[in-house]
Amino acid sequence: MPLLIVALGIIFLLVLITKFKLNTFISLIITAFAVGLALGIPLEKIVESIEGGMGATLGSIALIFGLGAILGKLVADAGGARQIAVTLIDRFGQKYIQWAVVISSFIIGIALFFEVGLVLLVPIVFQIAKESKVPVLYLGIPMAAALSVTHGFLPPHPGPTVIAQQYDANIGMVLLYGTVIAIPAVILAGPLFARLVKKISPDSFHKSEAEQADSLVSTKETHPEKLPGFGISVFTSLLPVILMAIATLVELLQDLGVAGDNLFFDAIHLIGEPTTALLISVLLAVYTMGIKRNIPIKQVMQSAEEAVRAIGMMLLIIGGGGVLKQVLIDGGVGDSVSALFAGSHMSPLLLAWLIAAILRIALGSATVSALTTAGLVIPLMQGTDVDPALMVLATGAGSLIASHVNDAGFWMFKEFFNLNIKETFATWTLLETVISVTGLAGVLILNLFV
């Protein structure tokens, strides 16, 4: 019954948005109330669940989004994003520009959370698309694919790292196998899938740049000789990645016993936190993209304010997706899914993927789906010779499938690229499914050899 309620709730949400033209955020909150009541959450607990979902979602990303948007806007308005775009086009050429985006997004995605990477890369991708005169999704899809694959398969991202601990898997082997699987997944879900989208959703693919999140891309004309240098533009844009990568490396060294705990390493961990890294990067951008180039501080701050205004409704919509997710969790949907598989004799790898996939569709959060799955399938691993590292990857692959209206990533992709609901299903939802199925296929193939 709870799964039926989830399905009806999703249909209700789509009707509110598409037929009655209600604002997406308002529709999400109305649906959360309706689903909460239908799932039997006590009346006095529904508002608490809704507020908890909003707080938990925005509490972890509001600062990251705000600072990331400001950083992207400062680099774009100063011409830094254009300089990066022009240089990449010159060095890779028009023919290989997708691969330039894929490689850079994959590298950045290893160190950054999905949300952080998306916020930092979107302005640059828009600028590259503008300079190279290609549809935004031609580059946006490969970028999103690379970020999503690293989020689902590779440590140090939360899902793979935590479930590796729960499965007692070797982190190094998870990273090795995950990289082997990630490469074909990114190729299929990135450049190759972008060609398919051009056929199945031509309207979304050929939207003009002006229609798609134009607030994220500087419209100010800057003469080439007045652009900031390529090196300083890249360094300013990637400083958060560099700081977080250093902190991750120190943490790995500590886990291996090579380095101990002391004040210096504690300071590195603090600087490597996403919020701290982005704040430091914004301050650097104020200098390198503003003060150093004789741009008045008032004008620099005006760009910062414009960036925050541009993401206001997006933050509410993402928070609304978190609200719906929390109501589903509090309503016991996860327990219903676990009951479906009680006593199953299916292969642990396939079972882990399937449970994670159902939880992902029902709950929305990839990380929550992966962690919940681990608790359900660990008993089924006993007495089998299945490789724990492959269990981690099977679970991660399942947790990525069919992102839809109860997932914050769905709304982020929709809002960044100014798509409607139908177009987002045809692009983002299908992209995530391609990654998930490719991941499962890779796991099953590797299982034949390890």
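**View 1. Helix α1 gives the largest share of a nonpolar surface patch, 5 residues.** The model is predicted: local features need pLDDT of at least 70, side-chain atom pairs count only at pLDDT 80 or more, and totals for chains, interfaces and linings use all residues. Residues are numbered from 1 along each chain as its sequence is written, and side-chain values use heavy atoms, with hydrogens and water left out. The patch covers about 930 Å². Met1, Leu4, Leu8, Ile11, Phe12, Val15, Phe20, Leu22, Ile26 and Ile30 make it. Helices α1 (2–18) and α2 (24–38) each supply at least two of its residues. Like charges are joined within 9 Å, and nonpolar side chains (Val, Leu, Ile, Met, Phe, Trp, Tyr) within 5 Å. Areas come from the Shrake-Rupley method with a 1.4 Å probe; for residues, only the protein chains shown count as cover.

**View 2. Leu22 sits in the loop between α1 and α2.** Leu22 belongs to the nonpolar patch. Its relative accessibility is 32%, so Leu22 counts as partly exposed. Buried means under 20% relative accessible area, exposed over 50%, and partly exposed in between (1.4 Å probe, protein chains only).

**View 3. Helix α7 is mostly covered.** Of its 18 residues, 17 are buried. The helix runs over residues 136–153. At 1.5 Å a residue, α7 should span 26 Å, and its end C-alpha atoms are 26 Å apart, which agrees. The expected span is 1.5 Å times one less than the number of residues.

**View 4. Ser237 lies in helix α11 (residues 230–255).** Ser237 counts as buried because its relative accessibility is 7%. Leaving aside residues up to four places away in sequence, Ser237 touches Leu71, Val75, Ile84, Leu120 and Ile124. Contact means heavy atoms within 4.5 Å.

**View 5. The chain holds 21 helices and 0 strands.** The radius of gyration is 22 Å, close to the 22 Å that the globule rule gives for 450 residues, so the chain is as compact as a globular protein of that length. That radius is taken over C-alpha atoms; the rule is 2.2 Å times the number of residues to the power 0.38. Helices (H or I, at least four residues) and strands (E, at least two) are DSSP runs, numbered from the N terminus. Buried residues make up 56% of the 450.

Definitions and conventions: Patch = residues over 30% accessible without salt bridge, like charges linked within 9 Å, V, L, I, M, F, W, Y side chains within 5 Å. Salt bridge = Lys/Arg side-chain N within 4 Å of Asp/Glu carboxyl O.
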